[in-house]
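Subject: Handover of a structure and notes on it

Dear colleague,

Please find below the structure that I am handing over to you.

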Amino acid sequence: MTFFDVLTLIGGLSLFLFGMNLMGDALEKRAGSGLKALLGKLTGSKLGGFLTGLGITAVIQSSSATTVMVVGFVNSGLMTLRQAIHVIMGANVGTTVTAWILSLTGIQSDNFFIKLLMPSSFTPIMALVGVAFYMMSKNGKKKDTGLILLGFATLMFGMDTMSGAVAGLKDMEGFRELLLVFTNPVLGVVAGAVLTAIIQSSSASVGILQAVSSTGQITFGAAIPIIMGQNIGTCVTAMLSSIGTNRNARRAAVVHLSFNIIGTVVWLTVFEVVRALVNIPMLNGNIDQVGIAVVHSVFNILCTALMLPMTGLLEKLACRIIPNREGGDSVPALDERLMATPAVAMERCHEVTMNMGLIAVKATRNAMRELDGHDEKRAESIREDEQSADKYEDELGTYLVKLSGCPLSDQDRVEAAELLHMIGDFERISDHAVNVLEATEELRGKGITFSDAAMDEMHKLFGAVSEIMDLALTAFIHGDLSSAKEVEPLEQVVDTLKEQLRSRHILRLQEGKCSMEAGFVWADLLTDLERVADHCSNIAGCVVQMQKSRMDIHGYLDGVRSGSDEFRQRYDYYARKYALA
């Protein structure tokens, strides 16, 4: 093996790692909605969690990324430690898919149809199609598909380049002697663990082992301990990501490490005992790419079969290693670790914004109740909710700006921009809730009361505002376009009600049935409630734009206000529903 072969090996390895990273990122971006659907099916059952971990890892081609995601979920309180254990086990099996894909490089045949399955035959076509999709298409999904194909072609080309570069090693006596060292199972495990820890990807390290196996110098007996060690080395990524997290998140990383160490110790012991008692000629035979894929899959499946029934013990072990201490852990609403999978981070932003919306609507409802009678606890709750909404706006705004710098799909990019609009609207709704509360406190402080007729009119407005908040919130939480389209007609009715209530109050002032001081508070209440409806209209507009994947809220609002028959019908319905006596 010459100096130039070494350079070729370095180049092939670089292309291999780059292709794997490019393909993984593009798969993650392209399958954003699929990842959300998989995570939505997460259950407390062992099988549900296991299949979720397997599915996600098979999609994004990285057990390390899945485990980092799991650490982020546990740290955010979205997943229990028990659920995390099941997902981690599934991720370990899901990562074996990559080795099977890479084993295609070992196909050798003169048959035309079998030769078509060889990477050297189909990767040039994939690369051409990938370039065409990426350079010529304006559609974001097609561009992502192009990057997936380009990443896969680059990965396979790098694999072939590595295999060609190391071909000369089969004639080197020193290389054969080096491989004899790894027949020692402990050294084999250590070598596999160190290599994987350095490149932080078990899929990549297995691929490197498959490339080296093309020399025909690696035996089954030497490869098995190395593959076991690779499973331990991949835990480094999760352990590093758990730094600075709460106890349960650190326990999830410990579970990942414990699972692989225990599985390796048990099955390596069984392997060595069987090897000592029974002469298995195959262990001295050379292993190829397919053989490595088989060993990798069988080992991970055996580890899962061993540990899946003992998830409770794994949980107790993690809790023993990282015990509880006095004082609870803080649970962040958003965790930057989730940005490693932008589609999942976006889904989390949606959930946190939903919580913010629920808080803002609750505060406004409570504030409207204060007009009928004061409750100290309720008043305190309104102010606390307003402070929570302020905090959510700061955290979500910062997080969404950072997330916008990640590789997002076109749809997620639009959603990020819309969420930035909506958190401002929800925060303003909570501000108006406090304004309404302060208006009711001013009435009590000055001993002012409204007439029965005025209270009846105000309750009509309260009803309309309460319904428009429900419609806007339902539209946002469920992506319900029918609810979103109901908001604007009702908002127009609220505007009309405001003017009617203002006019009626002026009449009462002229007739001496109401004081000027009461009139000022009345005007403040009308203004705050009308603005709440305006913000609900903005939220509904954002929901419509998210569904249409384009940014033109004002264009949408102008369109629905232009006087279509549907809009007029809904307006008339709400006008009758909230008509004043």
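This is a predicted model: local features need pLDDT of at least 70, side-chain atom pairs count only at pLDDT 80 or more; totals for chains, interfaces and linings use all residues.

The chain has 581 residues, and 52% of them are buried. Its secondary structure consists of 25 helices and 0 strands. Of the contacts with a separation of 6 or more, 81% are between residues 24 or more positions apart.

Two packed helices are described by the angle between their axes and by the distance between those axes. Helix 3 (residues 46-60) and helix 5 (residues 81-94) have axes 6 Å apart, at an angle of about 40 degrees. Because of that angle, helix 3 is oblique to helix 5. The crossing in which helix 3 passes helix 5 is right-handed. On the side of helix 3, the contact is made by Lys46, Gly49, Phe50, Gly53, Leu54, Thr57 and Ala58. Helix 5 contributes His86, Val87, Met89, Gly90, Ala91, Val93 and Gly94. By class, the residues of this contact are 7 nonpolar, 6 polar and 1 charged.

The second pair is helix 13 (residues 220-233) and helix 16 (residues 289-307), whose axes come within 10 Å and cross at roughly 50 degrees. Helix 13 and helix 16 are therefore oblique to each other, and their crossing is right-handed. Phe220, Ile224, Ile227, Met228 and Asn231 of helix 13 meet Gly291, Ile292, Val295, His296, Phe299 and Asn300 of helix 16. The contact of helix 13 with helix 16 holds 7 nonpolar and 4 polar residues, with no charged residues.

Two single residues also deserve a note. Is Arg508 buried or exposed? Arg508, which lies in helix 22 (residues 481-510), has a relative accessible area of 9% and is therefore buried. Leaving aside residues up to four places away in sequence, Arg508 touches Ser451, Ala454, Glu457, Lys513, Cys514 and Trp522. Ser451 is 57 residues from Arg508 along the chain, and the C-alpha atoms of the two are separated by 9.6 Å.

Thr154 is located in helix 9 (residues 140-165). A polar atom of the Thr154 side chain lies 2.7 Å from the backbone oxygen of Leu150. Not counting residues up to four places away in sequence, Thr154 touches Leu15, Phe18 and Gly19.

Yours sincerely,
A colleague

Terms used: Residues are numbered from 1 along each chain as its sequence is written. Side-chain values use heavy atoms; hydrogens and water are left out. Helices (H or I, at least four residues) and strands (E, at least two) are DSSP runs, numbered from the N terminus. A polar contact is a pair of N or O atoms within 3.5 Å; within protein, one must be able to donate a hydrogen and the other to accept it, and residues adjacent in sequence count only if both atoms are side-chain atoms. Contact means heavy atoms within 4.5 Å. Axes are lines fitted to C-alpha atoms, for helices over the stretch in contact, and angles run from 0 to 180 degrees between N-to-C directions. Angles under 35 degrees count as roughly parallel, over 145 as roughly antiparallel, 65 to 115 as roughly perpendicular and the rest as oblique. A crossing is left-handed if the near helix is turned anticlockwise from the far one by less than a right angle, and right-handed if clockwise. Ala, Val, Leu, Ile, Met, Phe, Trp, Tyr, Cys and Pro count as nonpolar, Asp, Glu, Lys and Arg as charged, and the others, Gly among them, as polar. Buried means under 20% relative accessible area, exposed over 50%, partly exposed in between (1.4 Å probe, protein chains only).
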